[in-house]
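Thanks for coming, everyone. Let me put the structure up, and then we will walk through it together.

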Amino acid sequence: MSSENGLPVVDLSPFFAGDGDEGAAAARARAMEAVIEACKTYGFFRVVNHGVPRELLSRSLELSAAFFALPDEEKAKVRPLPADATPLPAGYHRLPSHSPDKNEYLLTLQPHLGHNLYPADPPEFRQALEECHAKLAQLGLLIQEVLTEGMGLPPGFLRGYTGGDRSFHFLLALHFFPAPTEAAGSTSGLSKHEDGQALTLLFQDNVGGLEVLKDGQWLPAEPDDGTIIVNIGDVLQVLTNKKLKSATHRVVSRPGRHRHSFAYFVNVDSDKWIQPLPEFTDKLGEPPRYRGFRFGEYQRLRLRNKTHPPATPDEFYNINHYAV
Ligand SMILES: O=C(O)CCC(=O)C(=O)O
Ligand SMILES: [Fe+2]
């Protein structure tokens, strides 16, 4: 594992090498170990040779920037259905003006579910979004298998939480507004938070601003073209009783710079019961650090953070709601 730009870097090429490839098994074991180590210490890592074409990442970011540069009335045409009409509100969202977070985003669910609303302009955006869903879903599955094996769980175990019909994996194309000059360094593009799902895959343009909390310090997760950043979400932190870390992160906007990123969330079936697994509690003689909960309930609470933002980020719902 090398460490570049702060975050550990893991080369996934051994997982794409044929079985007959000499040394592939040993290289896979080393990569798996690097992933687990990164998830225990940072909760974040960067992947290279991940199987998602670099060209798709840059094309998607450019098309997304073209969409968000449209006048507000154009973007508003991609208006989401009411929150209770779809599992998650697919479409264009601008956060309420009193929100501490200054960003807007387009949310899409897995295209085959038929819930998505796509912008008409730019016309190529829809295809890029659909390709991102397909490729990022594959990468998500690969990383889940690596984590499953690396944590000593039976094959397919994590996929059992995330792979069912009611899994609403979602992709956010995000646009962060420039920070006002007088508030440089203080205005937040996205307040500090942990992701609520199983895993997040992220890529960004060259502006920067994503920061990860590690040992009490904010560590910049600088742009590095063609790489994808992976982070653990709350569900994996709870299942592993905090062996894997759902790290706190934020986006600090920069004066005069518009920032674009894509975040793909490997989601959990809403009816799944989430609680620390016996492998990481009873079998180790350690008490559970969380009480169990239905994932759908947590997801609803988290969604309220966006639709009804509290006055201060410290009042956001997070996984401590279930801590014991
Ligand atoms: O845009 C980024 O770099 C991070 C986005 C993020 O943390 C989120 O959407 O949860
Ligand atoms: Fe996040």
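Is Thr41 buried, exposed or partly exposed? Thr41 is partly exposed, because 14 other C-beta atoms lie within 10 Å. The rule behind that: a residue is buried if 20 or more other C-beta atoms lie within 10 Å of its own, exposed if 12 or fewer, and partly exposed in between, with C-beta atoms placed from the backbone. Thr41 sits in helix α1, residues 24-41.

Some ground rules. This is a predicted model, where local features need pLDDT of at least 70 and side-chain atom pairs count only at pLDDT 80 or more, while totals for chains, interfaces and linings use all residues. Residues are numbered from 1 along each chain as its sequence is written, and chains are lettered from A and ligands numbered from 1 in the order in which they are written.

Now the overall picture. The protein has seven helices and 15 strands. Those are DSSP runs, numbered from the N terminus: helices are H or I with at least four residues, strands are E with at least two. Along its principal axes, the C-alpha trace spans about 55 × 45 × 40 Å. Buried residues make up 38% of the 324.

What about contacts? Two residues are in contact if their C-beta atoms, placed from the backbone, lie within 7 Å. Take the contacts with a separation of 6 or more: 75% of them are between residues 24 or more positions apart.

Next, the inside. The largest nonpolar core has 73 residues. A nonpolar core here is a set of buried Ala, Val, Leu, Ile, Met, Phe, Trp, Tyr and Cys residues joined through C-beta atoms within 7 Å. Which members touch the most others? They are Phe44, Phe45 and Val235. Helix α4 gives the most to this core, with nine residues.

Look at Val235 first. Leaving aside neighbours within four places in sequence, Val235 contacts Tyr161, Gln197, Ala198, Val268, Ile274 and Phe295. Phe295 lies in helix α7, residues 295-307. Phe295 is buried, because 24 other C-beta atoms lie within 10 Å. With the neighbours within four places again left out, the contacts of Phe295 are Val235, Val268, Asp269, Ser270, Lys272 and Ile274.

Now helix α4 itself. It covers residues 125-150, 26 residues in total. How far does α4 reach from its first C-alpha to its last? It reaches 37 Å, close to the 38 Å expected at 1.5 Å a residue. The expected span is 1.5 Å times one less than the number of residues. Among its buried residues are Phe125, Leu129, His133, Leu136 and Leu147. After α4 comes Gly152, with a positive phi near 75 degrees.

A cis peptide bond joins Asp121 and Pro122, with omega about -5 degrees. Pro122 is in the loop between β5 (103-109) and α4. Asn49 has a positive phi, near 50 degrees, and is not a glycine. Its loop runs between β3 (44-48) and α2 (54-68). Asn241 also has a positive phi, near 50 degrees. That one is in the loop between α6 (234-239) and β12. Asn241 is buried, because 20 other C-beta atoms lie within 10 Å.

Last stop, ligand 1. Which residues are around ligand 1? They are Leu172, Leu174, Leu190, Asp195, Leu202, Gln204, Leu210, His249, Val251, Ser261 and Ala263. A residue counts as near if its C-beta atom, placed from the backbone, lies within 6 Å of the molecule. Strands β6 (170-176), β8 (199-204), β12 (249-252) and β13 (259-266) each supply at least two of this shell. By type, the shell has seven nonpolar residues, three polar and one charged. Ala, Val, Leu, Ile, Met, Phe, Trp, Tyr, Cys and Pro count as nonpolar, Asp, Glu, Lys and Arg as charged, and the others, Gly among them, as polar.
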